[in-house]
Amino acid sequence: MKLPYAEPYRIKMVESIKKSTVAQRKKWIKEANYNLFNLKSDQVYIDLLTDSGTGAMSDKQWAEVMLGDESYAGSRSFEKLKNAVVDITGYKYFIPTHQGRAAENVLFSTLVKEGDIIPGNSHFDTTKGHIEFRKGKAVDCTIDAAFDTDLYHPFKGNIDLKKLEKVFTENPIEKIPFIVITVTCNTAGGQPVSMENIKAVSALCKQYKVAIYFDAARYAENCYFIKEREDAYKNKTIKEIAYEMFSYGDGMTMSSKKDGLVNMGGIIALKDKKVYRNATTFAIMYEGFITYGGMSGRDMGALAVGLYEALEYDYLASRVTQVQYLGEKLDEFGVPVQKPIGGHAVYLDANKFVPTIPKEEYRAQALAVELYIIAGIRGVEIGTILADRDPETRENRYPELELVRLAIPRRTYTHNHMEYIASALKTIYDSRAEAKNGYTIVWEAPIMRHFTVKLEKI
Ligand code: F0G
């Protein structure tokens, strides 16, 4: 008999979460102007807003917290973290930062000039933000398969080589200082990039003398998918796969809040000494001295341990299996989800779920709010509200996909929580024909409106 999957850990400490009633949640979400970011965490039962910094640390990581060396310069905790980063990535130079976007801020201050073009598979919002803030242009070279949520493709995070080469040939090459490969590709639904694609991209970039930087927030999950889905890698360890992957690039930025298994932190790791030297100036200005970069010693120690734990096969198998379990259960119920299920989240396809709500009334947001009201589950809209307005015309930009992301925090929720989420969504799906009206915006910020937008029910 094949034994069922079970977690490779047991629980040593628990945190209570609060249940509430539909009537309470209706009141709270109205007070929050139908913006899920405005809810207090105690008003949420299962929080799937993000998998960023919301996971559980292990006993070994907490033990490291007690060993933290808080010296301003040259602390033991920094050395531990540096040794881990160099060992895992093979990059010689390391700068800690307080989170992922801070790593982008420091590195891009060094590398991006006005008028530069930075292609990638699909940039995360903060990456795009840091490029556009410097008056550069971020170009997504996503493969077309990524836009069809029903189509199975093992590596929907792949870069379209033709699109990338077109960017290289149609622009002065000196305007393209580097490309970014985001592993896994958050914007495309937590979809992985294959090693075959990374190798091909690396060859193309060598030909055109363009550098490659990884956005490595969820690199360990990406390496797990390579092991599972690429035959040539099935007998390699996750650590070996990661080492090879990084060897095709010139450096990486990372939000340690994901595959670092900590609640706060960021990493810059680099091959080139000159880039490192230039980056250290910005690191000191924005983050702190180069041996702490906005992190406390105890957090650096916990991160050094977390980086290795995230590379353990059993951990990754349980992580990805839990996300897939939820996705497959929803699929069984007929609930439209993006396929294949990504590494860190399940994405509901709101265009197929609630086509009865006009897109001008923010159907993905309407679905996210309904899920909160019915079950106390907080997801996040990845649709028109997030896509924001065109900077020139100020018209809404309607993206191809209207999604609700249910991001699963690491080592945090149980199998029963997944069952609860699936049942709640089945209930909503079964009465979807009644969904007619969405929301209208009553106030919005000029940029990054999704965090603070105020909505009213139509
Ligand atoms: N890159 C990727 C791929 C990310 O997913 C994130 C954050 C960042 C960079 C920025 O890192 O938050 O530490 O500054 N993603 C979070 C999310 C916010 O919910 O997906 P950060």
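A polar contact is a pair of N or O atoms within 3.5 Å; within protein, one must be able to donate a hydrogen and the other to accept it, and residues adjacent in sequence count only if both atoms are side-chain atoms. In this structure, a polar side-chain atom of Lys258 lies 2.9 Å from a nitrogen atom of the ligand. The model is predicted, with local features needing pLDDT of at least 70 and side-chain atom pairs pLDDT 80 or more, while totals for chains, interfaces and linings use all residues. Residues are numbered from 1 along each chain as its sequence is written, and side-chain values use heavy atoms, without hydrogens and water.

**Ligand surroundings**

- The ligand is surrounded by 17 residues (a heavy atom within 4 Å); the closest are Thr50, Arg101, Asp215, Ser255 and Lys258.
- Ser255 places a polar side-chain atom 2.7 Å from an oxygen atom of the ligand.
- For Arg218, a polar side-chain atom lies 3.0 Å from a ligand oxygen atom.

**Helix 4 and helix 5**

- Helices (H or I, at least four residues) and strands (E, at least two) are DSSP runs, numbered from the N terminus.
- The axes of helix 4 (residues 100–111) and helix 5 (residues 125–133) come within 10 Å and cross at roughly 30°; axes are lines fitted to C-alpha atoms, for helices over the stretch in contact, and angles run from 0 to 180 degrees between N-to-C directions.
- Helix 4 and helix 5 are therefore roughly parallel to each other (angles under 35 degrees; over 145 is roughly antiparallel, 65 to 115 roughly perpendicular and the rest oblique).
- Arg101, Glu104, Asn105 and Phe108 in helix 4 meet Thr126, Thr127, His130 and Ile131 in helix 5, contact meaning heavy atoms within 4.5 Å.
- These contact residues divide into 2 nonpolar, 4 polar and 2 charged; Ala, Val, Leu, Ile, Met, Phe, Trp, Tyr, Cys and Pro count as nonpolar, Asp, Glu, Lys and Arg as charged, and the others, Gly among them, as polar.

**Helix 8 and helix 12**

- Helix 8 (residues 219–229) and helix 12 have axes that come within 10 Å and cross at roughly 90°.
- The contact includes Tyr224 and Phe225 of helix 8, and Leu316 and Val320 of helix 12.
- The residues of this contact divide into 7 nonpolar, 1 polar and 5 charged.

**Backbone exceptions**

- Most residues other than glycine have a negative phi, and most peptide bonds are trans.
- Tyr34, not a glycine, has a positive phi of about 55°; Tyr34 is in the loop between helix 1 (22–31) and strand 1 (46–47).
- The peptide bond from Val183 to Thr184 is cis, with omega near -20°.
- Lys339 and Pro340 are joined by a cis peptide bond with omega about -10°.
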